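Me: I would like to learn how to read a model like this one, feature by feature. Can we take it slowly?

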Amino acid sequence: MVDRQRTGTGMMKPMGALPPEYAHQSGALTIGGQSAAAWVAQAGDTPLFVYDSAIVAARIARFRAAMPAIDLHYAIKANPHPALLAAVAPLVDGLDVASAGELGMALAVKPAHAISFAGPGKRDDELAAAIRAGATLNVESEGEAARGFAIGARLGIAPRMAVRVNPDIELRGSGMRMGGRASPFGVDAERAAALVREIVAAGADWRGFHIYAGSQALDAGAIIETQAATLDLAARLADAAGVAPPLVNLGGGFGVPYFANDVVLDVERVGAALHAALETRAVVLRDTRFAIELGRWLVAEAGVYLTRVIDVKHSQGEVFVVVDGGLNHQLAASGNFGTVVRRNYPIAVAARMGEAAAAEAVSVVGPLCTPLDRLGDRVALPPVVPGDLIAIFMAGAYGASASPAAFLGHPPALEIVTSVQPQP
Ligand SMILES: *Cc1c(COP(=O)(O)O)cnc(C)c1O
């Protein structure tokens, strides 16, 4: 594997490719029609996440064009920023949430019948909130179903319930496998039909199956295989249960290219294969609707994290660019969120897009007193001086809300959505 090469005096390490909207820019970085510096001036400070809702809209349009007529759900844990959520909600068919907190955010922008609630540890008060609102519970165990029946009876409401299945399938090459093994998520496939029968017998409103096999896959072939196996599984389970599912949520797992040599997922190929698989689906699924739930594929590339250079220092032949943002806001870029080997996210000097790199590689480090706080490891950047803005791309998913903001007592990052006013 070639992941190092010599440039000048430092050992350079590669970084991921800039998203297509930014890759060919030169001069000042522009996000949503305005320069990075202007966004910082508008928000008032750094560090700042800028989310371009037009990029999210473009990803959704690409999905719709590539896929057969199925529903698209947004998994809001990828980025629950209220203004972004408000921009995305009208463009998708459903929102998937995983806590009562997320449920509340989703209900602010989407009707309850378009919201589903997954997660292995739903408390009674969370079940009650979902049942009262009329959101669908993606039931994760027999015990959770029983608690849901009791709460529904107390409230006088038939709960809407889908069965989340722990599939006997895994998504090959997935960054985070969530199927094919013992799991806190879902009911093992061999017990799913029995649980469906219980739900129907209890008088609950059975909504179908939720089958999620993994995340961050870049290989279209792996996703195609998994979707075909998921359709087969849904048909087998429906036959065994003796009822046709109104909806089958086929999961998602569409990945994004964070790192050097990552390929871009061929969604058009996935869509063509799913179209063909649906054409020949089992009779029991003839009247079923299908959904795919995506998080990062919709929003990751829409986010840029902007942080200001405080100091440029030299130590033992290496150059450190010290910035005011770090893993407290953007844990994933430091390599401490779901990756085994630390690799570089795409990074640029915001005022010098397209300029040639300086002879020496630099490491971009945050202000935290831990060696983990490294946003770029020996990357090739144009010359950097204190006061410059550094842009870290692929920051729209699992950034601000997935980072330990309280660690070391720095203020939270600002967040702004293009064409929307800043939100604290
Ligand atoms: C986290 C999660 C998602 C979103 O995953 P991405 O990799 O961001 O697309 C979707 N569905 C479920 C059940 C999840 O847990």
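**Reading the features in turn**

Reply: Glutamine 216 is buried, because its relative accessible area is 14%, and buried means under 20%. The model is predicted.

Me: Where does glutamine 216 lie, and what is its phi?

Reply: Glutamine 216 sits in the loop between strand 14 (214-215) and helix 9 (220-241). Its phi is positive, about 50°, although the residue is not a glycine.

Me: Which way does glutamine 316 go, buried or exposed?

Reply: Glutamine 316 is exposed, because its relative accessible area is 83% and the cut-off for exposed is over 50%. Glutamine 316 is in the loop between strand 17 (303-315) and strand 18 (318-323). Here too the residue is not a glycine, and phi is positive at about 50°.

Me: Now the ligand. Which residues are around the ligand?

Reply: A residue belongs to the surroundings if one of its heavy atoms lies within 4 Å of the molecule. For this ligand they are Ala75, Lys77, Arg164, His210, Tyr212, Ser215, Glu293, Leu294, Gly295, Arg296 and Tyr398. By type, the shell divides into four nonpolar, three polar and four charged residues.

Me: What does UniProt list for Lys77?

Reply: An annotation comes from a record and is read beside the model. The unreviewed UniProt entry lists Lys77 for "modified residue: N6-(pyridoxal phosphate)lysine". In the model, lysine 77 lies in the loop between strand 6 (71-75) and helix 4 (82-88). Lysine 77 counts as partly exposed because its relative accessible area is 46%. Leaving aside residues up to four places away in sequence, lysine 77 touches Glu102, Tyr398 and Ser401.

Me: Which residue does the "active site" annotation cover?

Reply: In the unreviewed UniProt entry, that annotation covers Cys369. Cysteine 369 is in the loop between strand 20 (362-365) and strand 21 (374-379). With 72% relative accessibility, cysteine 369 counts as exposed.

Me: How do I read a helix, and which residues of helix 6 are buried?

Reply: An α-helix has 3.6 residues a turn, so residues three or four places apart point the same way. In helix 6 (residues 124-133), the buried residues are Glu126, Leu127, Ala128, Ala130 and Ile131. They pack against helix 5 (100-107), strand 8 (115-117), strand 9 (136-139) and helix 7 (142-155). Just after helix 6 comes glycine 134, with a positive phi of about 95°.

Me: In which helix is alanine 193 found, and what does it touch?

Reply: Alanine 193 is in helix 8 (residues 189-201). With a relative accessibility of 8%, alanine 193 counts as buried. Apart from residues up to four places away in sequence, alanine 193 touches Leu237, Ala240 and Ala241.

Me: What else does glutamine 25 touch, and where does it lie?

Reply: Glutamine 25 lies in the loop between helix 1 (20-23) and strand 3 (30-31). Beyond residues up to four places away in sequence, its contacts are Thr30, Met353 and Gly354. A polar atom of the glutamine 25 side chain is 3.2 Å from the backbone oxygen of glutamate 21. Glutamine 25 counts as buried, at 17% relative accessibility.

Me: Last, the backbone. Which two residues does a cis peptide bond join?

Reply: Read omega for the bond. The cis bond joins threonine 46 and proline 47, with omega about -10°. Proline 47 is in the loop between helix 2 (36-43) and strand 5 (48-51).

Key
Residues are numbered from 1 along each chain as its sequence is written. This is a predicted model: local features need pLDDT of at least 70, side-chain atom pairs count only at pLDDT 80 or more; totals for chains, interfaces and linings use all residues. Side-chain values use heavy atoms; hydrogens and water are left out. Ala, Val, Leu, Ile, Met, Phe, Trp, Tyr, Cys and Pro count as nonpolar, Asp, Glu, Lys and Arg as charged, and the others, Gly among them, as polar. UniProt positions are given in the numbering used here, feature names are shortened, and annotations may be inferred rather than shown by experiment. Helices (H or I, at least four residues) and strands (E, at least two) are DSSP runs, numbered from the N terminus. Buried means under 20% relative accessible area, exposed over 50%, partly exposed in between (1.4 Å probe, protein chains only). Contact means heavy atoms within 4.5 Å. A polar contact is a pair of N or O atoms within 3.5 Å; within protein, one must be able to donate a hydrogen and the other to accept it, and residues adjacent in sequence count only if both atoms are side-chain atoms.
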